[in-house]
Amino acid sequence: MPSSSHAPVVVYGAYGHTGRFVVDELLRRGLTPILSGRDETRLEAMLDGRPDLEIRPARTDEPEALAGALAGAGAVVNVAGPFLDTALPVSQAAIAAGVHYLDVTAEQPAVEAVYAARSRDAAAAGVAVVPAMAFYGGLADLLTTAVLAGTTEPASVTVAVGLDRWWPTAGTRVTGSRNPARRQVVADGRLTPLADPAPTGTWHFPTAFGEQPVVAVPFSEPILLARHLPLTAVDSFLTTSALTDVRSPDTPPPSPEDADGRSAQQFVVDVVAQVGDETRRITTTGRDIYAVSAPLVVEAAIRLLDGRATGTGVGAPGELFDAEDFLRALTPGTLSLRRGPVAEDVGTRAR
Ligand SMILES: NC(=O)c1ccc[n+]([C@@H]2O[C@H](COP(=O)([O-])OP(=O)(O)OC[C@H]3O[C@@H](n4cnc5c(N)ncnc54)[C@H](OP(=O)(O)O)[C@@H]3O)[C@@H](O)[C@H]2O)c1
């Protein structure tokens, strides 16, 4: 079983944009990454300047190669998307190898497929399977869990994501076109198809973003949240300009603008929860949604390896980890965090 906090961590899709951030973050945190993915040439190129690292090429349709790639590891971080193509085979190999599995999917059907296919086997094998441990999905799940701490009352939650720009990677574009499924929200306590057309409105971010036009765009967070919190509603909004960016074929990919390779993109995630008569709010800001996914997923991998997870099987971040402690560990270096106040006009006004 993957119990050692020093066990190596396989990065599947290591040479992708997000994969490179994950490899760097593992090294920064003192862990040993093993570089995996389907393109041996691109894996070999990553050894330039890092000859001590190990590469283990494997395709997702080669179970034996995948098993070999995971042998002796403590966890695998799958950053190869579309996850509709990779999450099931990589998570299956992880469970068979007794290795914790994490991915960074924003795709709702990929998370649902992992829950449906892996819950029993992961629990039986004593490993944790954590889909969507990233900016979209896991971060909102942790924030919501933290803001609802101390209550078991049913709550309704709005997650508003503000991006000043969205420069999409090739992987984001391919993943978007691979997944035609209608998005889901939580309404009346159940996962429900998003209204068509998607609701729009205005959101008052309590940061420099200020008031912004937003449109309902749920990512993987409602699927995670519906699994472990008593929520009557989960609504997710994104700044309309960011959706325009990602939909435009002319928007360039992210370019490195600092020493860590992060783009200049700024983000805010604002979670407002209604619990009975009480309104609670938690807000986080940071830089570069791809780069920030690396400290998020690596922090989770470390907590799985050193025994700070509260269970096994398929689980949401807020279910498996102490959400408050997790977020604090990334503050202030990676994320800023603030709570309240909640202005009366915080909500989105549907047009
Ligand atoms: N939830 C979030 O907040 C979040 C954050 C970051 C990234 N993501 C997601 O993570 C994925 C990767 O993003 P990225 O920015 O790193 O994109 P990227 O730079 O284009 O990298 C994509 C990676 O996935 C690999 N890949 C794709 N299909 C594969 C398959 N069938 N088998 C094996 N490998 C495969 C690619 O390998 P090849 O070059 O060999 O095709 C490459 O290594 C996307 O789905 C993106 O949406 C989500």
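## A ligand between two domains

Domain 1 (9–134 + 293–326) and domain 2 (135–290 + 332–339) both give residues to the shell around the ligand, so the ligand lies between them. The domain bounds come from an automatic or database domain assignment. This is a predicted model, in which local features need pLDDT of at least 70, side-chain atom pairs count only at pLDDT 80 or more, and totals for chains, interfaces and linings use all residues. Residues are numbered from 1 along each chain as its sequence is written.

So who sits around the ligand? The shell has 32 residues, and the closest are Gly16, His17, Gly81, Thr169 and Gly171. Helices H1 (17–28), H4 (83–97), H6 (135–147), H7 (170–178) and H10 (289–305) each supply at least two shell residues, and H7 gives the largest share, with four. By type, the shell splits into 13 nonpolar, 16 polar and three charged residues. Here Ala, Val, Leu, Ile, Met, Phe, Trp, Tyr, Cys and Pro count as nonpolar, Asp, Glu, Lys and Arg as charged, and the others, Gly among them, as polar.

## The overall build

The chain has twelve helices and 16 strands. Both are DSSP runs numbered from the N terminus: helices are H or I with at least four residues, strands are E with at least two. For 351 residues, a compact globule would have a radius of gyration near 20 Å, and the chain agrees with its 19 Å. That radius is taken over C-alpha atoms, and the globule rule is 2.2 Å times the number of residues to the power 0.38. Along the principal axes, the C-alpha atoms fill a box of roughly 55 × 45 × 35 Å.

Of the 351 residues, 49% count as buried. Buried means that 20 or more other C-beta atoms lie within 10 Å of the residue's own; 12 or fewer makes it exposed, anything in between partly exposed, and the C-beta atoms are placed from the backbone. Among contacts between residues at least 6 apart in sequence, 73% join residues at least 24 apart. A contact means that two C-beta atoms, placed from the backbone, lie within 7 Å.

The C-alpha centres of domain 1 and domain 2 lie 23 Å apart. Across the boundary, 27 residues of domain 1 are in contact with 29 residues of domain 2. On the domain 1 side, H1, H5 (108–125), H10, H11 (317–320) and H12 (323–329) each supply at least two residues, with the largest share, four residues, coming from H5. That side divides into 15 nonpolar, eight polar and four charged residues.

In soluble globular proteins, nonpolar side chains tend to be buried together. In this model, the largest nonpolar core has 107 residues, and Val76 and Val297 touch the most other members. H10 gives the most to this core, with twelve residues. A nonpolar core is a set of buried Ala, Val, Leu, Ile, Met, Phe, Trp, Tyr and Cys residues joined through C-beta atoms within 7 Å.

Leaving aside neighbours within four places in sequence, Val76 is in contact with Val10, Tyr12, Leu70, Val90, Ala94, Val99 and Tyr101. Over in H8 (residues 221–228), Glu221, Pro222, Ile223, Leu224 and Leu225 are buried. Their cover includes H5, H6 and the strands E7 (155–163), E8 (184–187), E9 (190–193) and E12 (231–239).

Most residues other than glycine have a negative phi, and most peptide bonds are trans. Now for some exceptions. A cis bond joins Gly81 and Pro82, with omega about 20°; Pro82 lies in the loop between E4 (75–78) and H4. Another cis bond joins Asp196 and Pro197, with omega about 5°, and Pro197 is in the loop between E9 and E10 (200–204).

Two aspartates have a positive phi: Asp188, near 50°, and Asp288, about 70°. Are they buried or exposed? Asp188, in the loop between E8 and E9, is exposed, with 7 other C-beta atoms within 10 Å. Asp288, in the loop between E14 (278–287) and H10, counts as buried, with 23 C-beta neighbours inside 10 Å. Not counting residues up to four places away in sequence, Asp288 touches Pro254, Arg262, Ser263 and Gln265. Asp288 and Thr18 are 270 residues apart in sequence and 11 Å apart in space, C-alpha to C-alpha.

Key
Near = placed C-beta within 6 Å.
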